[in-house]
Amino acid sequence: MGIVKCVGILTSGGDAPGMNAAIRAVTRAAIYNGLQVKGIYRGYRGLITDDIVEFKSQNVSNIIQLGGTILKTARCKEFTTPEGRKVAYETMQRHGIDALVIIGGDGSLTGARIFAQEHNVPCIGLPGTIDNDLYGTDTTIGYDTALNTILDAVDKIRDTATSHDRLFFVEVMGRDAGFLALNGAIASGAEAAIIPEFSTEVDQLEEFIKSGFRKSKNSSIVLVAESELTGGAMHYAERVKNEYPQYDVRVTILGHLQRGGSPTAHDRILASRLGAAAIDAIMEDQRNVMIGIENDEVVYVPFSKAIKNDKPIKRELVNVLRALSI
Ligand code: ADP
């Protein structure tokens, strides 16, 4: 193992608020520790097209508060092939980059794991996704901001739902994870959440209707996680229209607005801690780990663990929602 002198940093896959705070933290912590930093644009694609710029401290000034990613992000098909990854490795060598910090979700860290094995490159991952679906970290960069965006939207939908006595299905992001839907429902006082984790166990719509929500309430909001497993908000709205035609049903799909906006204090602090820890990990000669937070402590999670395991959702949260939505 050689000594790392130059770190490449990239953001990949879906963007998440707080990615810029992470870029800033990695860059500044690296420079603080005497390392050179290279910013790689558009995720893995930048390694293939050679879209790389040296980053000094000023390159990351005034970005901690910005959503999105100044490094841009992309989905890169070439990187999923050995030929593409070879080109990426040669580009790294030309630039003298001897370690990578990858900020992204499940897919990006899967790519990092394969690349690290194939070319013996130290790779450190940071969990950057609004979905909170990476195992081994209590929360991911962007999740808290997205959750707060959902609350803002649901609070507004509540006004019209109440005024018209309507049943609203609000679809939120999360891919195959229900964290945004379930915690969004608890925090917004919604009546129910339909999440992929329990889609094969019970008919969550049936449960909700049978809970007798109409006895005490004229309006209701149900958060539905986008997922093939749930079928999405439209699917449930259609079902209710057919099975319970007496209800006035509406659908709102929050979509990409959940990805944007200035990161919350929580996400900025998380991104700053994880970014600084990524450089600590490199200085300690760690490789092929994701940096996470568990019980407010920084932890190193091997890629294999972070990617392969499904992050469990707490049953207790389901019970809290059920008890408080009567
Ligand atoms: P996210 O990181 O948000 O989960 P994606 O799943 O789209 O986003 O992955 C981002 C990028 O990571 C892909 O476009 C690809 O370049 C790379 N990637 C994903 N899966 C693999 C894989 N199995 N092998 C190599 N690269 C991958």
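This is a predicted model: local features need pLDDT of at least 70, side-chain atom pairs count only at pLDDT 80 or more; totals for chains, interfaces and linings use all residues.
A polar contact of 2.8 Å links the side chain of Ser227 to that of Asp176. Ser227 sits in the loop that runs between strand E8 (220–225) and H9. With a relative accessible area of 13%, Ser227 counts as buried, because the value is under 20%. When its neighbours within four places in sequence are set aside, the residues in contact with Ser227 are Arg175, Asp176, Pro196 and Gly232.

Arg175 is among the residues that come nearest to the ligand, together with Arg75, Cys76, Gly107 and Ser108, out of the 17 residues around it. The shell around the ligand is made up of nine polar, four charged and four nonpolar residues. Helix H4 (residues 106–119) supplies the largest share of this shell, with six residues.

A polar side-chain atom of Arg75 is found 2.5 Å from an oxygen atom of the ligand. The backbone takes part as well: a polar backbone atom of Gly107 lies 2.9 Å from an oxygen atom of the ligand, and for Gly105 a backbone N or O atom is 3.0 Å from an oxygen atom of the ligand. On its own the ligand has 550 Å² of accessible area, and the protein covers 80% of it.

Returning to H9, helix H9 (residues 232–243) also holds Tyr236. Tyr236 has a relative accessible area of 6% and is therefore buried, the limit being under 20%. Beyond residues up to four places away in sequence, Tyr236 touches Phe169, Ile194, Leu205, Val224 and Thr230. Val251 is 15 residues from Tyr236 in sequence, and the C-alpha atoms of the two are 9.2 Å apart in space.

At the level of the whole chain, the domain assignment gives two parts: domain 1 (6–142 + 263–308) and domain 2 (144–260). The C-alpha centres of domain 1 and domain 2 are separated by 33 Å. Contact between them involves 13 residues of domain 1 and 13 residues of domain 2.

Note on methods. Residues are numbered from 1 along each chain as its sequence is written. Side-chain values use heavy atoms; hydrogens and water are left out. A residue is near a molecule or strand if one of its heavy atoms lies within 4 Å of it. A polar contact is a pair of N or O atoms within 3.5 Å; within protein, one must be able to donate a hydrogen and the other to accept it, and residues adjacent in sequence count only if both atoms are side-chain atoms. Accessible areas come from the Shrake-Rupley method with a 1.4 Å probe; for residues, only the protein chains shown count as cover. Helices (H or I, at least four residues) and strands (E, at least two) are DSSP runs, numbered from the N terminus. Ala, Val, Leu, Ile, Met, Phe, Trp, Tyr, Cys and Pro count as nonpolar, Asp, Glu, Lys and Arg as charged, and the others, Gly among them, as polar. Buried means under 20% relative accessible area, exposed over 50%, partly exposed in between (1.4 Å probe, protein chains only). Contact means heavy atoms within 4.5 Å. Domain bounds come from an automatic or database domain assignment.
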